[in-house]
Amino acid sequence: MIESKKKKISKFLSYILRHHPELIDLNLDEKGWANVNEIIAKSANDNQGFTFEELNEIVETNDKKRFVFNEDKTRIRANQGHSIGIDLNLKPQQPPELLYHGSAQANVDSILKTGIEKRSRQHVHLSLDIETATKVGMRHGKPIILTISTGKMFEDGILFYLSENNVWLTDFVNPCYITL
């Protein structure tokens, strides 16, 4: 499949599985799972049209591992990043001492004053490495990488979760845990 088509389908999947399943009248269960046959049929009605083979290729080759199938590949969901109420059944875990958050340079003053908020998402997303955080920051403008003292946050009783695609999640990062 050509790269531009993969990107278009991936963006469509992100949009409907994480934010607006009602766009194609898609039914998600409380854990965010959608029936694969339903999503393929309804995407065709929305002029996005893709086959199971194309969907499988996107799930298998997506560099960010945004999507996951259940064991028999009859259901699919997004791994994280939802703005709708989904229970991903994540268990609290102890994070590494430091994690990273990529943002735009224009946001730094605000972040250092008020912290990192989840806003419309279910969680704040943190990266294990600077390279990944840089890629995230580049989507928002000139990237800036913030170092988060997650070990200290954990010691202070703040919960962390690790998504299936290795993105660290928390509810809020207070400015006292952030350094440039």
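The side chains of E164 and R77 meet in a salt bridge, with 3.2 Å from N to O, where a salt bridge is a side-chain nitrogen of Lys or Arg within 4 Å of a carboxyl oxygen of Asp or Glu. The model is a predicted one, in which local features need pLDDT of at least 70 and side-chain atom pairs count only at pLDDT 80 or more, while totals for chains, interfaces and linings use all residues. Residues are numbered from 1 along each chain as its sequence is written, and side-chain values use heavy atoms, with hydrogens and water left out.

The chain is divided into domain 1, residues 1-78, and domain 2, residues 99-179, with bounds that come from an automatic or database domain assignment. From domain 1, 7 residues take part in the contact, and from domain 2, 4 residues, contact meaning heavy atoms within 4.5 Å. The centres of the two domains, taken over C-alpha atoms, are separated by 27 Å.

Between them, domain 1 and domain 2 bury about 440 Å², of which 32% is on carbon and sulfur atoms; this buried area is the accessible area (1.4 Å probe) that two parts lose on being put together, summed over both. The count between the domains is 1 salt bridge, and there are 3 residue pairs in polar contact, both residues at pLDDT 80 or more. On the side of domain 1 that touches domain 2, the residues divide into 1 nonpolar, 1 polar and 5 charged. A polar contact is a pair of N or O atoms within 3.5 Å; within protein, one must be able to donate a hydrogen and the other to accept it, and residues adjacent in sequence count only if both atoms are side-chain atoms.

H82 is placed in the loop between β3 (75-78) and β4 (99-104), strands being DSSP runs (E, at least two residues) numbered from the N terminus. H82 is buried, with a relative accessible area of 1%, where buried means under 20% relative accessible area with a 1.4 Å probe, protein chains only. A polar atom of the H82 side chain lies 3.4 Å from the backbone oxygen of L17, and, leaving aside residues up to four places away in sequence, H82 touches L17, R18, L88, S120, R121 and Q122.

V167 is found in the loop between β8 (161-162) and β9 (168-170), and V167 also counts as buried, at 18% relative accessibility. With residues up to four places away in sequence again not counted, V167 touches Q80, H125, L126, Y161 and L162. The C-alpha atoms of V167 and G81 are separated by 9.7 Å, although these residues are 86 residues apart along the chain.

Definitions and conventions. Ala, Val, Leu, Ile, Met, Phe, Trp, Tyr, Cys and Pro count as nonpolar, Asp, Glu, Lys and Arg as charged, and the others, Gly among them, as polar. Helices (H or I, at least four residues) and strands (E, at least two) are DSSP runs, numbered from the N terminus. Buried means under 20% relative accessible area, exposed over 50%, partly exposed in between (1.4 Å probe, protein chains only).
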